[in-house]
Amino acid sequence: MPHLDFVLVAGFAALLGAIVQGSVGLGVGLVATPVVTMLFPATMPGSILVVAAIMPLATLSREIRHADLRGLGWACGGRLAGTPLGVLMVAAVPARVLGVVIGGLVLAALGATTWSAEVPRNPATLTAAGVIGGATGTATAISGPPIALLYQRESGPRVRATLAAFFTLGALLSLAMLAAAGRLPTSQITAGLALTPFVLAGFLAAGPLRRHLTGPRMRAALLTVVAASALTLMTRSLL
């Protein structure tokens with residue numbers, strides 16, 4: 001069983017992250033991953049991947065009808081291809097280098113898409129975002145930014161539901177790949193399950209924010225979370 005300090009500290013981080021993700025569509029990895037990585041590295045990345053698989057189910061229970069199923073098909077196909085790459089990256093690339101490179105790419109993509117009139121979303125870009133998300137999600141437990149950037153101009157329910165479906169399928173795939181590679185101890189799964197009550201509580205607490213974040217406010221919040229995820233990943237890699 002996880003120690004009490006892990007449950008309390010990581011649980012609080014998961015609670016805050018779930019509030020962010022429950023309102024914007026992503027964020028539980030952004031908030032919880034740095035805390036868990038610094039204080040409880042032995043539980044990574046499995047514990048956060050478990051959370052990443054469970055948290056979106058709460059969103060889907062309310063908003064699944066808004067998900068872009070066609071786009072998800074291409075994105076999830078890309079994630080299927082990108083997940084083995086993430087496993088290889090975990091084994092071959094130093095964590096510091098990996099974090100800085102991924103964070104820098106996310107910031108570059110954010111800058112390019114923020115000022116464009118319309119972000120192209122087609123089979124090619126969806127597949128590419130899925131590949132990148134699969135690799136980075138498996139390696140760092142942060143997979144949302146590439147897909148989020150493609151849906152930044154959509155409504156709140158569509159963004160949240162589409163990302164939730166992508167996160168659920170992707171996290172389960174990453175867990176399966178890590179397990180097959182012998183890099184998923186049972187203790188990491190147990191640690192992730194211990195955070196589930198905090199995640200569900202955070203989703204419920206996000207209700208008022210979901211109603212408030214519409215139109216331009218939703219896009220601004222989404223881009224802010226994407227930028228914060230990249231900066232957090234780079235900062236934690238450099239420390």
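The legends below describe an overall view and several close-ups of one predicted model. In this predicted model local features need pLDDT of at least 70 and side-chain atom pairs count only at pLDDT 80 or more, while totals for chains, interfaces and linings use all residues. Residues are numbered from 1 along each chain as its sequence is written, and side-chain values use heavy atoms, with hydrogens and water left out.

View 1. Helices (H or I, at least four residues) and strands (E, at least two) are DSSP runs numbered from the N terminus. The C-alpha atoms fill a box of roughly 45 × 40 × 30 Å along the principal axes. The radius of gyration is 16 Å, which agrees with the value near 18 Å that a compact globule of 239 residues would have; this radius is taken over C-alpha atoms, and the globule rule is 2.2 Å times the number of residues to the power 0.38. Of the 239 residues, 53% count as buried, where buried means under 20% relative accessible area, exposed over 50% and partly exposed in between (1.4 Å probe, protein chains only). Among contacts (heavy atoms within 4.5 Å) with a separation of 6 or more, 85% join residues 24 or more positions apart.

**View 2. The aromatic pair F6 and F40.** Rings of Phe, Tyr and Trp (its six-membered ring) pair if their centres lie within 6.5 Å, with planes under 30 degrees apart counted as stacked, over 60 as edge-to-face and the rest as tilted. By this rule the count comes to two aromatic pairs. The pair of F6 and F40 is edge-to-face, at 5.1 Å centre to centre and 85° between the planes. It links distant parts of the chain, since F6 belongs to helix α1 (residues 4-24) and F40 to the loop between α2 (28-39) and α3 (46-63), 34 residues apart. Both F6 and F40 are buried. T43, found in the loop between α2 and α3, is buried with a relative accessible area of 14%; not counting residues up to four places away in sequence, T43 touches F6, V36, Q188 and A191.

**View 3. The rings of F166 and F167, and two charges over rings.** The ring centres of F166 and F167 are 6.2 Å apart and their planes stand at 55°, so the pair is tilted. F166 and F167 are buried. A charge sits over a ring if NZ of Lys or CZ of Arg is within 6 Å of the ring centre and within 35 degrees of the ring normal. R79 lies over the face of F166, 5.4 Å from the ring centre, and the charged end of R210 sits over the ring of F203, 4.3 Å from its centre.

**View 4. The nonpolar cores.** A nonpolar core is a set of buried Ala, Val, Leu, Ile, Met, Phe, Trp, Tyr and Cys residues joined through side-chain atoms within 4.5 Å. The largest has 40 residues, and those with the most contacts inside it are V24, L26, I147, L163, F166 and V226. Its largest share, nine residues, comes from α12. Leaving aside neighbours within four places in sequence, I147 is in contact with A75, L126, A129, G130, L163 and F166. A second, separate core of 19 residues includes V28, A32, M55 and F203.
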